[in-house]
Protein chains: 2
Amino acid sequence: MDELDTVLGKALAILRSFTPNDTVLPLAELVRRTGLPKGTVHRVAGDLVGHRLLDKTATGYRLSGGLFELGLRASVERSLLEVAMPFLQDLYERTHETVHLGVRDGDEVVYVAKIGGHRQAASPSRTGGRMPLHCTAIGKVLLAYAGPELQQEVLAGPLERRTPHTIVAPGRLRRQLDGVLEKGVAFEREESTAGLLCVAAPVLGTDDTAVLAAISVTGPVGRFKPEPHVDAVRAAATGVGSTLAWRGSLIRPADPRAASVAVARQGLAQR
Amino acid sequence: MDELDTVLGKALAILRSFTPNDTVLPLAELVRRTGLPKGTVHRVAGDLVGHRLLDKTATGYRLSGGLFELGLRASVERSLLEVAMPFLQDLYERTHETVHLGVRDGDEVVYVAKIGGHRQAASPSRTGGRMPLHCTAIGKVLLAYAGPELQQEVLAGPLERRTPHTIVAPGRLRRQLDGVLEKGVAFEREESTAGLLCVAAPVLGTDDTAVLAAISVTGPVGRFKPEPHVDAVRAAATGVGSTLAWRGSLIRPADPRAASVAVARQGLAQR
DNA sequence: GTCCCGCGTTCCACTCACCGGTACGCTGTT
DNA sequence: AACAGCGTACCGGTGAGTGGAACGCGGGAC
């Protein structure tokens, strides 16, 4: 649980009450989710409206455009996004299937971008949304390259079954991860969502072996075969990686535990 | 200035110290920009790190991925983005020039999406960034459809000169705005940035005449002519508009008392 | 019609979270 | 060596923030 005995903690508890599926939440619902007293929520939410983080509608509160704007200033995902966009674009144009860009946060994938046309397969992923590592192509790439300690943690923890095809046997997952490192791509066959196939490749930094992100192409069973797109996905991913390196902007994904270290040299470059 | 005598105000002052161009800001810089005492900034920034809104690096603080994620939950721009993306995609594929999606906030444009390939013209716009209304194609569309009272406000206020071609004469701008309403498109010829041309069309709600957003195509003088793309831009914009309307009326509540969905649409209109 | 429940709002006296001046240690520069 | 600017740590006073209680309202049950 978060610290609810500080103003900031309460404010964030309220903001984080909104899941990606919520649009408008009434005051009472916020009270329920946060566990805070009614009066408090009323006041703090009012303050948040004043600060342009919430909008007040006839039926409740919703996260406002001010928050959207602020979020897009986050330097890491922003620069990643800006550099990657042309490559994602190319990839989409070559495949005409849904293209994802994702980074790792803890033991989940966070989707930084999702682009697709009118015919895109119905996938549960959303920009800014999350998925487990073990059952998505992007997740498996990020996990494979993340290093052994995280792998062990994930392999040890229970592997949630999402579909009949989800890999829940640690041994089998481990073998797949080895294969991913070897080939530089990961596949997913209806492991997170029935009817969806996926290929993903890692965006690697040059100086170290850390994965910065991963790129994938997703399509529906039937018309879509992952294998033919391996080269395209890999090309896009390495393209992003080398462009990032070339720009000199060293990106370090936010990691709750091992945060804060590596970014040292970048500071002066921007100025 | 914001209210700096409340915790929340201070926290937001710190977060908003980051402009779209900043990546990492040292503590001292935050102190300078916010005008808050050093000790206070240190403490509040520390709290923000604890709440995953800031990352602490070797050289200072930066906005974290948690904030990015939170911002993408903002319902209005999120649903706009999701609905619009396929249309923007089409538009890009037809033109192979930079495509923008923008909404109005006060007297400025906020860019919700920007997609482009490797050849994109160097434009100052960024996703989540802002621009004045009077000197961009998107801005002129939004202003033209925004209603007379806002127009007067903008026409009265000083029209900042950005380039030699910026329209700073209120009369001339007003005439252009009338033309925009008449034709349903706006042009920009090096008015915000030297060397850039632009066409934009409005995304209109069906039930009322409110503008929800605007879409544009941008290219460099020389290879790019705005006129041939008028139809494509207009088609994309109306496509987004009617999809929004259609979705708004068709989405049915998943749970019994979810009146919230009905309001999502109204919410969009409100902006 | 009446009752009643749940919602959003307002009020107010207590108190603890927040405040910010002060001081310290460090690192480069003059 | 003296200095200037930075990040960090401490700590007593106090007012911003607290949350329980009470109110008005609308709508569903009966």
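I began with the two protein chains of this predicted model, and found that 50 residues of chain B are in contact with 52 residues of chain A. I then asked which elements make up the side of chain B that touches chain A, and noted that helix 1, strand 1 (54–57), strand 2, helix 4 (65–71), helix 5 (75–95), strand 4 (108–115) and helix 10 (260–270) of chain B each supply at least two residues. Helix 5 of chain B gives the most to that side, with 9 residues. By residue class, I wrote down 24 nonpolar, 16 polar and 10 charged for the side of chain B that touches chain A.

Next I turned to DNA strand D, which has 20 residues around it, and recorded that Gly39(A), Thr6(B), Pro26(B), Leu27(B) and Ala28(B) come nearest. At least two residues of the surface near DNA strand D come from each of helix 1 (7–16) and helix 3 (38–50) of chain A, and likewise from each of helix 1 (7–15), helix 2 (27–34) and helix 3 (38–50) of chain B. Helix 3 of chain A has the largest share of this surface, 5 residues. I counted the surface near DNA strand D by class as 9 nonpolar, 6 polar and 5 charged.

Last, I looked at helix 2 of chain B, where the buried residues are Leu30(B), Val31(B) and Thr34(B). They lie on the same side of helix 2 of chain B because they cover an arc of only 105 degrees around the axis. I see these buried residues pack against helix 1, helix 3 and strand 2 (60–63) of chain B.

Note on methods:
Residues are numbered from 1 along each chain as its sequence is written. Chains are lettered from A and ligands numbered from 1 in the order in which they are written. This is a predicted model: local features need pLDDT of at least 70, side-chain atom pairs count only at pLDDT 80 or more; totals for chains, interfaces and linings use all residues. A residue is near a molecule or strand if its C-beta atom, placed from the backbone, lies within 6 Å of it. Helices (H or I, at least four residues) and strands (E, at least two) are DSSP runs, numbered from the N terminus. Ala, Val, Leu, Ile, Met, Phe, Trp, Tyr, Cys and Pro count as nonpolar, Asp, Glu, Lys and Arg as charged, and the others, Gly among them, as polar. A residue is buried if 20 or more other C-beta atoms lie within 10 Å of its own, exposed if 12 or fewer, and partly exposed in between; C-beta atoms are placed from the backbone. The arc is that of the directions from the helix axis to the C-beta atoms. Two residues are in contact if their C-beta atoms, placed from the backbone, lie within 7 Å.
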